[in-house]
Amino acid sequence: MSARNDRSPSERVVVSGMGWVTPLGHDLETVWAALMRGASGMAPITRFDARTFPTSFAAEVKNFDVNVLLKDPTAHAHAGINSQFALGAAVQAWRQAGLDVKTARNMRRVGIYLGAGEGVIDTPNYLAANLKAWDAQTGKTDGAKWAEIGLRILNSAGEIEQEPNMPLAHIAREFGARGPAYNCLTACAASTQAIGEAVSILRHGEADVMIAGGAHTMIHVLGVTGFNRLTALSTSKEDPCKASRPFDLTRGGFVMGEGAGMVILETLEHARARGAKPLAELIGFGSSADSYRITDIEPTGRGAAAAMLQALSQAGIDPHARGADGRPLVDYISAHGTGTKENDSIETLAVKRVFGELAREIPMSSVKSMLGHLIAAAGAVEFITCVMAIHRGMLPPTINYSNPDPECDLDYVANTPRAARVRTCLSNSFGFGGQNDTVCVTAFDE
Amino acid sequence: MSGFGIGMDPLWAGLCSGASAIRPITAFDPSGFVTTVAATILPEQLDIRSVVPKNYRKATKVMARDIEIAVAAAAAAVASAGLTTRATAEGVAPTIAPERVGCHIGAGLIPADSDELASAMLNCRDADGGFDPGEWGRAGMNNLTPLWLLKYLPNMLACHVTIIHDCQGPSNTLTCAESSGALSIGESMRVIRRGDADACLSGGGESKVSYMGLLRQTFANRLAAVPVGADGISAVRPFDPRATGTVLGEGGAILITEGFDSAKSRGAKAFAELAGFAASQCACIDTVGVDLSDAAPDIAAAIENALENAKMNASEIDAIIPLGSGILNVDAVEAKALRLVFGDRLPKIPLITLAPQIGICGAGSSALAAAVAAQCIHEQKLPARLTTSGSAALGVDADARPSCSAKISSVLVTTTGMGGQSAAIILRRPA
């Protein structure tokens, strides 16, 4: 018997709703179907003129209008792009969960934990203020001039919207949530961490329902600049759809994506009381820090392995054990799998460190090959793909995989989706700065 | 880390003597902004290279001010707790196993350095003097150091601190404006209680003393007007019915939060017990939480849940540290929330107001409040209060008066940040 079944219904946490806004669509079925086709969301960047940038392509969200989903669009009239993505995903999840003010019962017991990114800076005006306030004689910014220009040309609502807690504020407004509210920003690990900590809040009895997930875009001048300078992005000059190549020998960096993923988590006790149908159960969460270097991942995979082991331990799963059917107890790993040289080989190493001989028997794929890297929102979207995999009995592929790398020698579900019995999954997210987070989700069983 | 210097000693001395770290901003010419003062950290108060281990000095080049604040506060906290870490003694066994030490640090939105950005972009101007992305993409961006982005990621506060002190346990960065520090401490409590760490470095740090920081606070109507030459200290008057806005500060605090068993087994001296914590989201008329006028019941809910978490009654609270910003509508809603919880007893409970002395330090402010609360319990003393008069009109005890001895068993720290996230922590005298 796994540890989760020893927990009381007030300590068991289930997923009852899911939603996402991604480069491959804005609802569960459309995106899942695209992932099952091995589609790619990459195309030349349209948000700004990136033609001369080392990287001129990304996976942008296309044709998305949040207003059609909102009760009162005027309340969100100034919502920045992250808040729009967050609202779009959260409304889908809220509806799927069948929640409203009545079924949620007590809005003070409905909390929010997001891993949402900072908003998009008003690039033309912000940079114009910096450039026009430059004093060539002193070789410094003229502060008084900067203030005069900045206060005149930058927009009040737009500036406030850049605070990372704004998607949270918009979601709270839309649903009337008044419970514990957090936003964390641990780079690429943020929304996995948000989901994990939301579970902890529910188990500690601080809330009955948590809206959890993340929203982010860094597809803007300074975002692309920052990652280009770090040489983290693919600078492929070929077909953008082939640029994200996780675990392939020729991988050359990640491709930026954008969007949001949101889930409704609640205690089993609360779900049962309102007659909700759980989609899956969250049984483990692990979080660790590499404490190694600001730029590099700890090369032995210690930190990543620690997060996975902690999640498995909480889930009551022995990584070296086999089930009655002779198979490993984990059926699928949604890899962080960014497509950078360093991440993919060290993640592979970490998985082998955790599962030993069994690692080769556990399929592990990266949907970043299709969706790009949604940065802070990546973990939540990948978590949802795990729940979909459990329900559909299908594993999403790692596309663009053709050249095996001796350092990446696991089963990456190359190029085509695969039918499989999927009960228990791990979803990994690792952030710049050494934050590692893993959640463990399993098929719901009364 | 505050405008009084590194560590609790200068802060406590400054708070008790009735001094203020509010001073004219000198890092740049602020004369075009509504305010020209802040509780800044002076260059002589913080030499980051001397704070970090020798082999880490190179990394200080990629530390924005906010990161420096967290790194300095963490060094002071580790020393104060008597912990041995990788930073204090290389090669010596740490007091607590690294994988059992977590780190939760609240952070704000860190703006890029304008001088650095503008000087890199000088050759990327269009005919109008604005930004030309074409030239920037071709060559201009190479003027930025490769690690440029890493100076400004909010999780770099925790990242540097975890590397310096080798904290390998759960680590997080909370970004909920002024509530970030308190939420971080609450998260550390939860992580320790669930058994995932024995101790955590918890708190927050921020400096909004920058062009973008001042601009955004101006847009949110939070700043008291202080023209060049005017007195900045008297400009911020928490809970004064004539208050006109706040003054910003640079600073933050890291607390070593530790499981009781861990602290006991190593014979650690506890400043205070973190007895209870809770958080809530406020109703925000304007959605984004600049206008918090309707938020009193939600702030009160966080306080009541924190009391319940501590298994305590409101009657047991001896002092309160609210945000106390001097932004009149925020002060008023805080006072209203406190009234809901403490009723008629509220005017008899001393409020501790830090803003006239160290300013409002963004994500660092509620962590500083928690550190001061612990110190009040430890010293059995209340710091001085400056500037305010007439706070009885808001139903609270916050008028100016000198520091005094007091019997303090329990202190409430309560905070509500822009965006509407509210948090409450109950600290009490260790058993």
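**A covered helix and its surroundings**

Modeller: The buried residues of helix H8 of chain B are B:Tyr211, B:Met212, B:Gly213, B:Leu214, B:Leu215, B:Arg216, B:Gln217 and B:Thr218. A residue is buried if 20 or more other C-beta atoms, placed from the backbone, lie within 10 Å of its own; with 12 or fewer it is exposed, and in between it is partly exposed. The model is predicted, so local features need pLDDT of at least 70 and side-chain atom pairs count only at pLDDT 80 or more, whereas totals for chains, interfaces and linings use all residues. Residues are numbered from 1 along each chain as its sequence is written, while chains are lettered from A and ligands numbered from 1 in the order in which they are written.

H8(B) covers residues 211-219, and eight of its nine residues are buried, which leaves the helix mostly covered. Helices (H or I, at least four residues) and strands (E, at least two) are DSSP runs, numbered from the N terminus. After H8(B) comes B:Asn221, with a positive phi near 60°.

What covers the helix comes from both chains. The buried residues of H8(B) pack against H4 and helix H5 (156-160) of chain A, together with helix H4 (114-121) of chain B. Packing is judged by contact (C-beta atoms, placed from the backbone, within 7 Å).

The wider interface can now be described. In it, 79 residues of chain A are in contact with 79 residues of chain B. On the chain A side, helix H4 (residues 143-153) supplies the largest share, seven residues. That side divides into 36 nonpolar, 29 polar and 14 charged residues. Here Ala, Val, Leu, Ile, Met, Phe, Trp, Tyr, Cys and Pro count as nonpolar, Asp, Glu, Lys and Arg as charged, and the others, Gly among them, as polar.

Within chain B, an automatic or database assignment gives domain 1 (8-111 + 152-428) and domain 2 (114-150). The centres of these two domains of chain B, taken over C-alpha atoms, are separated by 36 Å. Five residues of domain 1 of chain B are in contact with four residues of domain 2 of chain B. On the domain 1 side, the touching residues comprise five nonpolar, no polar and no charged residues.

Chain B also contains an open sheet of four strands, ordered S4-S3-S5-S6 with mixed pairing; two strands pair if DSSP finds at least two bridges between them. Strand S4 (171-172) and strand S6 (250-258) of chain B stand at the edges with a single partner strand each, so one side of each has no neighbour in the sheet. Strand S3 (residues 101-106) of chain B runs parallel to S4(B), joined to it by two bridges. B:His104 stands opposite B:Asn172 in S4(B). Helix H7 (residues 180-193) of chain B packs on this sheet and touches S3, S4, strand S5 (199-207) and S6 of chain B.

As a whole, chain B has 13 helices and twelve strands. Of its 431 residues, 64% count as buried. The C-alpha trace of chain B spans about 65 × 55 × 40 Å along its principal axes.

Methods:
Contact = placed C-beta atoms within 7 Å. Axes fitted to C-alpha atoms, helices over the stretch in contact; angles between N-to-C directions.
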